[in-house]
Amino acid sequence: KVMAFGKGAQHAECVSRKLPGGMDWFFSEQLPSGAIGPGTSAVFILDEMMAAAFPFTLLDKDILVFIHDVNQTLEAYPAGLSLVRMNAWPGFFGGPLLELSARDDIRPKADAFLDTLGWDRSWVPDIPGMIRPRVLSMIINEACFALGESVSTRAEIDTAMKLGTNYPFGPFEWAARIGP
């Protein structure tokens, strides 16, 4: 079983990521209240607020934990966990490629698990912001500057970015999805 903890729309992104035969998602909008033991292959914490309050002491230390946190590095979390940091902003977790960061000793275990699922990934340095969130944030900020300077309207800027760069969403659409 693969557990996922998140809110509303994150459930749809989980379901969009198909699991191979014999594996099922267990999705909850509530933090666990009891131990998560050996019957669980991996835990995905898709919500930043849940990540901050997650009871890591309830986890078996051998369970892979994928945690959505683009702001803090792995040092912010308890030692001794099989922890993988990821970008699970809306539109990213359900996309074709996961952006991940982990200690060198955890990567082979995570790679083996993700290979079993058939999921593509990119390992990035354990830095605040990761890579794609930093780039997207800069694009959103520049779009806000352009709007503030009356270069164009929100809708026109979104359309220009979608048509000009083949982005699935314009910068203001992304901002609405990921929040401030």
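Predicted model: local features only at pLDDT ≥ 70, side-chain atom pairs only at ≥ 80, totals over all residues.
Rolling a probe the size of a water molecule over the atoms shows where empty space is left. The second largest pocket holds about 220 Å³ of space. Its lining is made up of 13 residues, and those closest to the centre are Phe92, Arg132, Tyr167, Pro168 and Trp174. Sorted by class, the lining has 9 nonpolar residues, 3 polar ones and 1 charged one.

Arg132 leads on to the salt bridges. Its side chain meets that of Glu99 in a salt bridge, with 3.4 Å from N to O. This pair links distant parts of the chain: Arg132 belongs to helix 4, Glu99 belongs to strand 6 (residues 97–102), and the two are 33 residues apart. Are these two partners buried or exposed? Glu99 has a relative accessible area of 3%, which is under 20%, so Glu99 counts as buried. Arg132 has a relative accessibility of 27%, so this residue counts as partly exposed.

The count of salt bridges in the model comes to 6. Another of them joins the side chains of Asp105 and Arg103, at 2.9 Å from N to O. Asp105 is exposed because its relative accessible area, 52%, is over 50%. Arg103, with a relative accessible area of 38%, is partly exposed.

A further salt bridge is formed by the side chains of Arg121 and Asp115, where the distance from N to O is 2.5 Å. Asp115 has a relative accessibility of 52% and therefore counts as exposed. This pair is also part of a network of salt bridges, in which Asp111, Asp115 and Arg121 are linked.

The last stop is Arg85, in strand 5, which covers residues 82–86. Why does Arg85 count as buried? Arg85 counts as buried because its relative accessible area is 0%, and the cut-off for a buried residue is under 20%. Which side chain does the side chain of Arg85 contact? The partner is the side chain of Asp126, and the two make a polar contact at 2.4 Å.

How values were computed: Residues numbered from 1 in each chain as written. Heavy atoms only, no water. 1 Å grid on protein atoms, 1.4 Å probe; cavity = no way out; pocket = protein on both sides within 12 Å on 5 of 7 lines; lining within 4 Å. Points joined across faces, edges and corners; volume = space filled by probe spheres on them. Nonpolar A, V, L, I, M, F, W, Y, C, P; charged D, E, K, R; others polar. Helix = DSSP H or I, 4+ residues; strand = E, 2+ residues; numbered from the N terminus. Buried < 20%, exposed > 50% of the residue type's maximum accessible area, 1.4 Å probe, protein only. Polar contact = N/O pair within 3.5 Å; in protein donor to acceptor, adjacent residues only side chain to side chain. Salt bridge = Lys/Arg side-chain N within 4 Å of Asp/Glu carboxyl O.
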